[in-house]
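Please work through each task before reading its solution.

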Amino acid sequence: MTSSPFATINDAALRSYIFWSSVLVMKMLFMSPLTSLNRIRKMAFASPEDTRIISKKLVPKYDDPDVERVRRAHQNDLENILPFFVVGFLYLLTNPAPWLAINLYRLVAASRILHTIVYAVVVIPQPARFLAFGGAMIPTAYMTLQTILYFML
């Protein structure tokens with residue numbers, strides 16, 4: 001009988017994964033109100049029913065650059081954080097060194113938060129956004145590769 005990979009999960013690494021994943025969920029939840037605040041600030045509502053609340057003369061606006069920037073940052077979160085949730089947990093099943101797993105999780109979370117700040121809150125020119133993106137993408141790709149190699153038949 002083979003032992004379950006769940007039996008070898010390090011408690012500190014698991015707690016770190018849970019903590020940083022929760023921080024990233026909170027960060028993603030923050031994106032919708034940030035989009036709404038930008039819509040209100042710029043009077044750039046996408047739905048006719050929303051424009052009527054303000055004024056019957058106001059028409060929907062779909063292309064405000066500030067609103068679209070926040071929406072793109074949110075989309076980028078969905079494309080990058082959701083895969084991290086999956087691979088970050090699967091990586092725990094490879095029995096990684098706890099210090100490495102903990103620091104990879106920290107790096108991914110810090111980089112994703114920084115990415116949002118430099119892309120959608122206080123816009124900073126490139127390469128700031130690229131570096132923040134890479135700071136999360138590289139560790140996620142590393143964890144993915146390590147998981148594939150560990151479980152390869």
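**Exercise 1.** Determine the handedness of the crossing of α4 and α5, and state which residues meet there.

*Solution.* The crossing of α4 and α5 is left-handed (the near helix is turned anticlockwise from the far one by less than a right angle; clockwise would be right-handed). The helices are DSSP runs of H or I with at least four residues, numbered from the N terminus. This is a predicted model, in which local features need pLDDT of at least 70 and side-chain atom pairs count only at pLDDT 80 or more, while totals for chains, interfaces and linings use all residues. Residues are numbered from 1 along each chain as its sequence is written, and side-chain values use heavy atoms, with hydrogens and water left out.

Next, take the geometry. The axes of α4 (residues 98-121) and α5 (residues 128-151) come within 8 Å and cross at roughly 150°; axes are lines fitted to C-alpha atoms over the stretch in contact, and angles run from 0 to 180 degrees between N-to-C directions. The two helices, α4 and α5, are therefore roughly antiparallel (over 145 degrees; under 35 is roughly parallel, 65 to 115 roughly perpendicular, the rest oblique).

Finally, take the contact (heavy atoms within 4.5 Å). Residues of α4 including Leu104, Tyr105 and Val108 meet residues of α5, among them Ala132, Phe133 and Ala136. By class, the contact of α4 with α5 has 15 nonpolar, 4 polar and 2 charged residues (nonpolar: Ala, Val, Leu, Ile, Met, Phe, Trp, Tyr, Cys and Pro; charged: Asp, Glu, Lys and Arg; polar: the others, Gly among them).

**Exercise 2.** Are leucine 92 and serine 16 buried or exposed, and which residues does each touch beyond its neighbours in sequence?

*Solution.* Leucine 92 lies in α3 and, at 1% relative accessibility, counts as buried (under 20% relative accessible area; exposed is over 50%, partly exposed in between, with a 1.4 Å probe and protein chains only). Not counting residues up to four places away in sequence, leucine 92 touches Ile9, Ala13, Leu14, Tyr17 and Tyr105. Leucine 92 and leucine 14 are 78 residues apart in sequence and 7.1 Å apart in space, C-alpha to C-alpha.

Serine 16 lies in α1 and counts as buried at 7% relative accessibility. Leaving aside neighbours within four places in sequence, serine 16 is in contact with Ile102 and Tyr105.
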